[in-house]
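Please keep the sequence and the structure in view while going through the points.

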Amino acid sequence: MFGLPIVFAAPAVLSGLLALPVIWWLLRLTPPKPKTEVFPPLRLLAMIARREETPARSPWWLTLLRLTIAALVIVALARPVINPLADVAAGEGPLAVMVDNSWAAGDDWDVRAAQAAALIEKAAEAGRPVALAFTVAPDNAEVLLRNAADILPVLAATQPLAARPDRPAALARLTEALDDRLGATLAWLGDGVATPQTPELVAAIDAAGFAEVIVFDEGIADLRAISDIANTPTSFDVTIVAPSSGGDPLAVAAYDEKGRLLADTMAEFPAGETTATARFDVPFELRNDFASLRLDGQAHAAGVWLVDENTRRRRIGLLTGQAGDLDQPLLSPLFYIGRALQPYADLVEGKTGDLAVDVPALVEEGPAVIVMADIGVLPEDAADQLSDWIEDGGTLVRFAGPRLAATAVDDPLLPVRLRLGERTLGGTLSWTEPQPVAPFPATGPFGGLDAPREVSVNRQVLAEPDLELASRTWANLADGTPLVTGAARGKGTIVLFHVTAEATWSNLPISGSFVEMLRRIANLSRNTGTSLQAGASTTAEALPPYRILSANGELGTPPSHVRPLDTPAIAGAPDFDHPAGLYGTVDGFVARNILAEGDRLEALGRPDLETPASVAAYDRGEEQDLRGPLFLAALLLIALDTAAVLWINGRFRRSPIRPARGAAAITSLIAFCALMLAASQVDAQQSDEKPGDDAIIELLETTRLAYVKSGNPATDDVSAAGMSGLTRYLQSRTALEPADPVGLDLETDELAFYTLIYFPIDVDAPMPSARAVSRLDAFMQAGGTVLFDTRDQLTASFGGTSGSPEIQRLRDILRDLNVPPLEPVPPDHVLTKAFYILDQFPGRYAGSPLWVEAIAAEGSNGDRPVRSGDGVSPIMITGNDFAAAWALDELGRPMFPTISSDPLQRIYAFRAGVNIMMYMLTGNYKSDQVHVPAILERLGQ
């Protein structure tokens, strides 16, 4: 209404506003009530002399006041609502909710999740069952039609992923769950980005037979994404796409592997264009250190581009036509090439010596560069495969020699046409003395390199002069003849050194400039194939997830559902099993990004549906009913109207015979309001005070599990569900009857009431303040215990946890705590037999040890049940994610699967929680059993 987020639940009532002119007419004709005066004759005669008259109609301001009251009542009866939710309660059938938890939802997922929760709660009020499906989900995801109370925990535990949505699959799961029930409503909480699947999705929605479709979409006008990068000879270019042309300039930054800023630049979209290029004009050595590129102000996964080994480290294939290279390695054509490239490239040599076999094998490896030393004629099939490889982006580097000089006529795999034979010192086409190398052209691939003064050339192959020779010459000799030529061929490049690869025609291969020249050529190339094990000479079957990109564009530890990247998955887009990120190990990995070359951003807009559909915006605030404020305003105006009538009738005037009872009434009303205001202030002050004695006694008498609230709703929900699940298990298996668990704010809540506090480490949550850490340290020093759970055991299986973000966050917290020496729980510790007999302490994951305070081992324990001296450790540390293993829904079903092949792992996880609680409440009672015989002897029993 008038651009405001206000709707009326009963708009027909607004027709009552048409009656305002009638009310105005009646009020104008209604005179005010006549005044009542005391009879005294003298006063009556005095008033008659004044000739005052009673007006025949109400004053205009009183009429306006009463019309306002009537208008407020009518508008209030129409039930105005600010930030209204979609009216899903209007239907009678089930509610199907489809949520895009894709990369485009990363920057405002909280708004989308709150919108979905509000819709589900509103459907619950109407008694409608709900089916919930996510567009980024595993292929075997199950969608059931349930009550809203069962759906909300699933929504709370779901996070967006750096993957593309599969909307038709999600709709198919919803349709199957509805089972052809009539009258169903589809609420689609979209991310606003159109995909090639949109026409298929529209047809599927129309065929599903929904009674109504509500599409939530706010557009993507401000969305920007990176679709490609290019390491050109002179710059590093980043391609940025937008859904529409124009817009403000956009900053792009490049970072290294440690997150340090290396360079930044600006990108501007030309008028009428939806694609812009950001250019980094920095040295290639610095470009080779780029690990990630980020768009300013774009907090989503497509605003980040991860750079992998395919950009920095090259795979190079080596071929030679000579035999017997191993007999005299210094004379081998590949010896100096290998020495020059080995420090920064992975070299793959032909294995058989048969070019018909070696060339296809190298092309299959997908190298960035293939180097051929003095190879004249290639087999026809091998030449065709090599030509196709160059067209697809490969770089072919050839070296001259006697074979090439004798067979170079009309060779299609050369950058220039060559003359037959070579030019030799003292020969027919000769010079009188060896020629030095001329300075490299500043604009060429070797620009910036110093020309090697010590290099001289005694023999070379010459190029036929033509108009394109100058543009294809990368390096010259002093007499102007080409030393290195190159030309583009499709997406690839062909480069020719007009001398041999060994030091027979020139001493260039044994110079330092030769290394730099080959390195420049390798850095300008790109890998044409996708090697799974980047950085290795052989291809692995699958790459484990190393670092996974979150939907908001941050790299972190891989979630448990991410699977190793195999060959079939590489060709597909990022999905639930293989989201965007880095796959491999610290020694070598490949990057998986959201968009690819040629991708564009298109706004979804309003789908062209035959089913009745409406488009709604996401709510940016809570739904507020305005009936209460409007009725209150009308009531206040009625009170004002009453006071005005009393004033007109003279009730506020003091007469000599009767005091003004109206003024006294107003005074009493003001005093009553003042007393109510004072009482409300007293109540507010009392509500802000700390708990009284009764509350403290109740907390001391009741055992409760406590956890630290991180500020991340998803993490806090899992912690709360985990503590609640362990509480239920303790109630069913032990004599302990804990009350409901409590979430603690370390800065404000009193910690002394709890014996154990569960502290999940969340790198996405804010770092605890110095005050919070100080209060936590005081709690530990006073006898309490904090169980830190880094929840990163899965990361440990891919190279250890020493460098994980969770471990680093834990170290930052422990830096200001008085932490005793720690050790994994030894076999004779109280924790291993406090209630159950355990030899491990698994959670959702298994394998991470449980660290406790270290106790010096004694020489012999005899027959003691446990090591003596065991007290209560003030700190415990694990990475097994206890809370996720303990988390149960309202029906007692596990919320998260355990990552193990052992079906009893969850039972062991609950038993570990029981042992920890018993250890916290009883301390070293097992150790004290050693004194029982002595005590009984003293008692004479």
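1. Overall content. The protein contains 27 helices and 39 strands. The model is a predicted one. Of the 941 residues in the protein, 46% are buried. Among contacts with a separation of 6 or more, 74% are between residues 24 or more positions apart.

2. Helix α5. This helix covers residues 148-156. Which of its residues are buried? They are Ala148, Asp150, Ile151 and Leu155. Viewed down the axis of α5, these buried residues fall within an arc of 155°, so they line one face of the helix. The elements that cover them include α4 (109-125) and β4 (130-134).

3. Helices α6 and α7. Two packed helices are described by the angle between their axes and the distance between the axes. For helix α6 (residues 167-178) and helix α7 (residues 198-208), the angle is about 15° and the axes are 9 Å apart. Angles under 35 degrees count as roughly parallel, and therefore α6 is described as roughly parallel to α7. The crossing of α6 past α7 is left-handed. On the α6 side, the contact is made by Arg167, Pro168, Leu171 and Thr175. On the α7 side, it is made by Thr198, Glu200, Leu201, Ala204, Ile205 and Ala208. Sorted by class, this contact of α6 with α7 has six nonpolar, two polar and two charged residues.

4. Helices α20 and α25. How do the axes of helix α20 (residues 713-733) and helix α25 (residues 905-922) lie, and at what angle do they cross? The axes come within 10 Å and cross at roughly 80°. An angle of 65 to 115 degrees counts as roughly perpendicular, so α20 is roughly perpendicular to α25. In α20, the residues that meet α25 are Gly725, Leu726, Tyr729 and Leu730. Their partners in α25 are Phe910, Arg911, Gly913, Val914 and Met917. By class, the contact of α20 with α25 has six nonpolar, two polar and one charged residues.

5. Lys491. Where is Lys491 placed? Lys491 lies in the loop between β23 (482-489) and β24 (492-497). Is Lys491 buried or exposed? Its relative accessible area is 57%, and a residue counts as exposed when this value is over 50%, so Lys491 is exposed. Lys491 and Ile390 are 101 residues apart in sequence, while their C-alpha atoms are 7.0 Å apart in space.

How values were computed
Residues are numbered from 1 along each chain as its sequence is written. This is a predicted model: local features need pLDDT of at least 70, side-chain atom pairs count only at pLDDT 80 or more; totals for chains, interfaces and linings use all residues. Side-chain values use heavy atoms; hydrogens and water are left out. Axes are lines fitted to C-alpha atoms, for helices over the stretch in contact, and angles run from 0 to 180 degrees between N-to-C directions. Helices (H or I, at least four residues) and strands (E, at least two) are DSSP runs, numbered from the N terminus. Angles under 35 degrees count as roughly parallel, over 145 as roughly antiparallel, 65 to 115 as roughly perpendicular and the rest as oblique. A crossing is left-handed if the near helix is turned anticlockwise from the far one by less than a right angle, and right-handed if clockwise. Contact means heavy atoms within 4.5 Å. Ala, Val, Leu, Ile, Met, Phe, Trp, Tyr, Cys and Pro count as nonpolar, Asp, Glu, Lys and Arg as charged, and the others, Gly among them, as polar. Buried means under 20% relative accessible area, exposed over 50%, partly exposed in between (1.4 Å probe, protein chains only). The arc is that of the directions from the helix axis to the C-beta atoms.
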